[in-house]
Amino acid sequence: MAMLLSLRVTTGFSFQSCRKMSVNPTFSGQKSRIASAASSQNIDRKLPILLFDIMDTIVRDPFYHDVPPFFGMSFEELIESKHPTAWIEFEKGMIDEMQLSKKFFKDGRSFDLEGLKNCMRRGYSYIDGVAELLYDLKQNNYEMHAFTNYPIWYDEIDLSYYRLRAEMAHHPLQIVIYRYKMIEEKLNISTYLSWTFCSCIYGKRKPDLDFYLEVLRHLNVDPTSCIFVDDRLTNVKAATEVGIVGLHFKSANMLREDLSRIGINISADEHHKN
């Protein structure tokens, strides 16, 4: 379980002040800070707000186990063969899927793009126990958002137009769900949370601190009123640098315990079946 860092920051905070003031409080201290932040903000919404990474936090990531065999490679061979920045550019919405297909490999070799997408689609499934946890949080009326690095799969949509709209309104609109059609159609994640903060919309990726600041600007709450969950410790640490409460995901059961320790009400529904 990662260290939790908490910081009360108001509008106009800087990265430098966050780094200087960061501390390493206990769970009980974190709980009191979250409660204090929630009670001090005149916002008609339930706090704290929960932010979830998607891949390998909510959904199994097929890239590590399914994609290498699709290409007839080991994972190490795939990493060595693929272009070093193509997927990152795809996740940031800088290139579309046809451009990805042309530069996915260093040597420019062609491959079956639709076959790759089908391979990934088949590999998507909920991490054990996560759907039940999301259900219980939803039943307790917590506001939940995806905060994830993931690409668009619709090259025919003019992404620049939607990104401009998002930047102008600090609002990713409600079109994000269509970017995640492959996951959404299979798992119906929007039943539990909103596809709000996605790298392909904002042109930024975790652990870029500016992406975290964009989230705070959009939500318009103090950082300590947000809890961020991610399987990558680097991303969790970045969240704590701007004052967001960070939880390192290891399993659904451990996340339940961590959330309960910092005061998140989770009442399990024994009759719920995913």
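Q: Is asparagine 235 buried or exposed?

A: Buried means under 20% relative accessible area, exposed over 50%, and partly exposed in between, with a 1.4 Å probe and protein chains only. Asparagine 235 has a relative accessible area of 6%, so it counts as buried. Before we go further, a word on the source: this is a predicted model, in which local features need pLDDT of at least 70 and side-chain atom pairs count only at pLDDT 80 or more, while totals for chains, interfaces and linings use all residues. Residues are numbered from 1 along each chain as its sequence is written, and side-chain values use heavy atoms, leaving out hydrogens and water.

Q: Where does asparagine 235 sit, and which residues is it in contact with, leaving aside its neighbours within four places in sequence?

A: A contact means heavy atoms within 4.5 Å. Helices (H or I, at least four residues) and strands (E, at least two) are DSSP runs, numbered from the N terminus. Asparagine 235 lies in helix H14, residues 233-241. Leaving aside neighbours within four places in sequence, asparagine 235 touches Lys206, Pro207, Tyr212, Phe228 and Asp230.

Q: Which kind of aromatic pair do tyrosine 212 and phenylalanine 228 form?

A: Rings of Phe, Tyr and Trp (its six-membered ring) pair if their centres lie within 6.5 Å; planes under 30 degrees apart count as stacked, over 60 as edge-to-face and the rest as tilted. A search of the whole structure finds 19 such pairs. Tyrosine 212 and phenylalanine 228 are edge-to-face, with 5.9 Å centre to centre and 90° between the planes. This pair links distant parts of the chain: tyrosine 212 is in helix H13 (residues 209-219) and phenylalanine 228 in strand E4 (residues 226-230), 16 residues apart. Tyrosine 212 is buried at 0% relative accessibility, and phenylalanine 228 is buried at 0% as well. Both belong to one aromatic cluster, together with Phe147, Phe197, Tyr202 and Phe211.

Q: In what order do the strands of the sheet lie?

A: Strands of a sheet pair through backbone hydrogen bonds, either parallel or antiparallel. The working rule is that two strands pair if DSSP finds at least two bridges between them. Here an open sheet of five strands has the order E3-E2-E1-E4-E5, with parallel pairing. Its edge strands are E3 (194-198) and E5 (245-248), each of which pairs on one side only.

Q: Which residues stand opposite one another where E2 meets its partners?

A: Three bridges join E2 to E3, and three join E1 to E2. Towards E3, phenylalanine 147 stands opposite phenylalanine 197, and threonine 148 has cysteine 198 as its bridge partner.

Q: Why is E2 described as largely enclosed by the rest of the structure?

A: Five of the five residues of E2 are buried, so the strand is largely enclosed by the rest of the structure. Met144, Ala146 and Thr148 point one way from E2, while His145 and Phe147 point the other way.

Q: How many of the ten residues of helix H8 are buried, and what do they pack against?

A: Seven of the ten residues of H8 (residues 130-139) are buried, leaving the helix mostly covered. They are Val130, Ala131, Leu133, Leu134, Tyr135, Asp136 and Leu137. These buried residues pack against strand E1 (49-52), strand E2 (144-148) and H15. Just after H8, asparagine 141 takes a positive phi of about 65°.

Q: Which residues of H15 are buried?

A: An α-helix has 3.6 residues a turn, so residues three or four places apart point the same way. In H15 (residues 252-261), the buried residues are Ala252, Leu255, Asp258 and Leu259. Seen down the axis of H15, they fall within an arc of 120°, so they line one face of the helix; the arc is that of the directions from the helix axis to the C-beta atoms. Just after H15, glycine 263 takes a positive phi of about 90°.

Q: What is the secondary structure of the chain as a whole, and what share of its residues is buried?

A: The chain comes to 15 helices and five strands. Of its 274 residues, 52% are buried.
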